[in-house]
Amino acid sequence: MRVALFVTCIGDTLFPEAGRATVSVLERLGHDVAFPSEQTCCGQMHLNSGYSAEADRLAARFRSVFDGFDAIVSPSSSCAGTMREHYGVENVYELSEFLVHRLGVEDVGARFPHRVTYHATCHSLRVTKVGDAPHRLLQRVDGLELVELSRPRECCGFGGTFSIKNADTSSAMLADKCADVEATGAEYCTALDGSCLLQIGGGLSRGRSGVRAIHLAEILAST
Amino acid sequence: MRAPAESFPAAARRELANVQLRTNLRKATDTIRDKRARVVGEMPDWEDLRDAGRAIKADLLAHLDDYLLQFEEAVQAAGGHVHWARDAAEANAVVADVARSHGADEVVKMKSLTTDEIELNDALAEHGIRATETDFAELILQLDGDWSSHILVPAIHRNRTEIRDLFARTIAPGIVSDDPRDLAEAARLYLREKFLAARVGVSGANFGVAETGTICIVESEGNGRMCTTLPRVLVTVLGIEKLVPTFADLEVFLQLLPRSSTGERMNPYTSLWTGATEGQELHVVLLDNGRTRVLADDVGRQALHCIRCSACLNVCPVYSRTGGHAYGSVYPGPIGAILTPQLVGIENAASLPFASSLCGACYEVCPVKIDIPSVLLHLRTRAVSARAGRAERAGMGLVAWMFSGRRRFGAAQRLARLAQPFALRLGPLAAWTRTRDLKPMPKETFGEWWRKR
């Protein structure tokens, strides 16, 4: 199977560790991973901000850059969802759904001896619909203790440009999310989307919390 | 319909500081949300019902002209009068004329968003006619000159002590208890006289049946039933999208609405009436007020499917923090964010389609499957065409250009790394860093790492 990594613009720029971890997990499972070097952004930011013409052009660019691969895997449910559910590129997968639903793998040989809570990002729930794939993977990580949030399905307040245009409301949502994370006593809060982790991690860090935001791929890559 | 007086971010900023509002909202939305989930969960055919609800409304809107004429004919055949109102002024004039022709200087009203939308009470007051709200929460708001902040629970932002103090000042001098039962009793005593004295009642409608001319309302308190039966004359104001084609269609909606709205299997009172019996008079006002404009938008028109259940408000992470007043409209929450801009014109409510994190929780619970996130995106594009500032347009254009080539993107990443210490204090990033840290840019982008690998 020819697997391409779609690292996303945010992942490339701010979360290279999640991209590296994705490569590491896929290679450990015996896949050759390609990184089409012309890739940039799927266009979601423009699409969600009311610039659909620009978004359409970026989506068309995505298609041509990723043409010819059997599977396109991304450490972002939101960007994968934009390309698959909105633009109809069928072979784009978020990492956890690719592992569990497409490859049928739940144990990726990871070890992460920490207390971890999982935030279900909105687009992973309602756009890409990854179901329980992340839970299945986390449950098989050696040494990992998974603790549930009291409101795991509630938005963290990121929402792309929403976090800037409606910074106050976004921050109110974030405050509740951080309180929920801290109440679990977890050391790490994980999720499938770098963008949401930027928000949650930014809130936890501002509060000088002892909890760190970490991408699911990094946990799966740990040994 | 009145456009929001200020932008959503500005109004939200103020509302977020209201402790009572935040507490009440969290408690109430949590409670209703859980109740709804329970009673929806026990329906094996819930998804089929949602599909049916959507299909019925889509059919209605596709043939609205025919159904409206059929409805008019059926109402007239059953002895009712039908009036067509293009806008709020025409609708208000009809109600005022009917009241005046019966010598009424007072009317009793049941809870109705449509009459709030056209600001009927103020219009009647100009004609010297006093409208009394008879829904408990609406009465509270009216007595205090306040306005609704939730479709189903209009006074969700008030507490019982405030209500006791308000009643002591107005309808129940000397009341000391703030026990909800005592407060309800005080309202009951006050309203009973109003019901018995009123010659004209005013109602909205949950549904109008095109086939039979029947009007249907659902309620919890029984005050609506008093408004529609005690006065000899009844005026019903009905948005043209509130029709359903056939009587049998009510079967679908009377299952969808109470479960989605109050989280009940069935609401306490369901009233249906067709025309007028002898000695009584029924006037039906069919209101457009911007609805045909919504109908003309092939993506946005699904907002007209709405049956005003408020499930989207209760699950919305934005609404449950800001409350309804931040939306500046009688239609708050996610449905308001797509309905208000279409009714008042996108240029008059351009910030509302952006008042959402696009989390999608609203679409998941909507009983008639309005794809609110898609309509929000559609309206955002329209808002940008109508109102976006030059700086934003230029910025977004620049970003799109930067993303259209890998070398440009790489250069921008390097520039961002250099500019990082200063950029955090400027423009959009300053809005971010006011409440959140921004993860520092790593020394190496993924692309740089990959090339070295």
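Which residues does F167(B) touch, not counting residues up to four places away in sequence?

1. **Before you start.** This is a predicted model, in which local features need pLDDT of at least 70, side-chain atom pairs count only at pLDDT 80 or more, and totals for chains, interfaces and linings use all residues. Residues are numbered from 1 along each chain as its sequence is written, chains are lettered from A and ligands numbered from 1 in the order in which they are written, and side-chain values use heavy atoms, with hydrogens and water left out.

2. **The opening question.** Beyond its neighbours up to four places away in sequence, F167(B) touches F136(B), I140(B), L143(B), A172(B), P173(B), I175(B), L183(B), A186(B) and A187(B). Contact here means heavy atoms within 4.5 Å.

3. **The cores.** F167(B), together with F71(B) and I338(B), has the most contacts inside the largest nonpolar core, a set of 129 residues. Such a core is made of buried Ala, Val, Leu, Ile, Met, Phe, Trp, Tyr and Cys residues joined through side-chain atoms within 4.5 Å. Helix α18 (residues 372–387) of chain B gives the most to this core, seven residues; helices (H or I, at least four residues) and strands (E, at least two) are DSSP runs, numbered from the N terminus. Another core, of 39 residues, lies apart from it and includes L26(A), V116(A), L138(A) and F446(B). In soluble globular proteins, nonpolar side chains tend to be buried together.

4. **Where the chains meet.** Look next at the interface, where 62 residues of chain A are in contact with 58 residues of chain B. The area buried between them is about 5,300 Å², with carbon and sulfur atoms giving 58%; this is the accessible area (1.4 Å probe) that two parts lose on being put together, summed over both.

5. **Pairs across the interface.** Chain A and chain B share 16 salt bridges, each a side-chain nitrogen of Lys or Arg within 4 Å of a carboxyl oxygen of Asp or Glu. One of them joins K165(A) to E392(B), at 2.9 Å from N to O. On the side of chain A that touches chain B, helix α10 (residues 167–183) of chain A supplies the largest share, nine residues.

6. E154(A) and R321(B) form a salt bridge, their closest N and O atoms being 2.9 Å apart. Because E154(A) lies in the loop between β6 and α9 (162–165) of chain A and R321(B) in helix α15 (residues 319–322) of chain B, the pair joins two chains. E154(A) is buried, at 9% relative accessible area, and R321(B) is buried at 1%. Buried means under 20% relative accessible area, exposed over 50%, and partly exposed in between (1.4 Å probe, protein chains only).

7. **Bridges within one chain.** Over all chains, the count comes to 50 salt bridges. In chain A, D142(A) meets R111(A) at 3.3 Å, N to O. D142(A) sits in the loop between α8 (133–139) and β6 (145–147) and R111(A) in the loop between α6 (95–102) and β5 (115–118), so the pair ties together parts 31 residues apart in sequence. D142(A) is partly exposed at 44%, and R111(A) is partly exposed at 41%. In chain B, E241(B) and R291(B) meet in a salt bridge at 2.7 Å, N to O, and both are buried.
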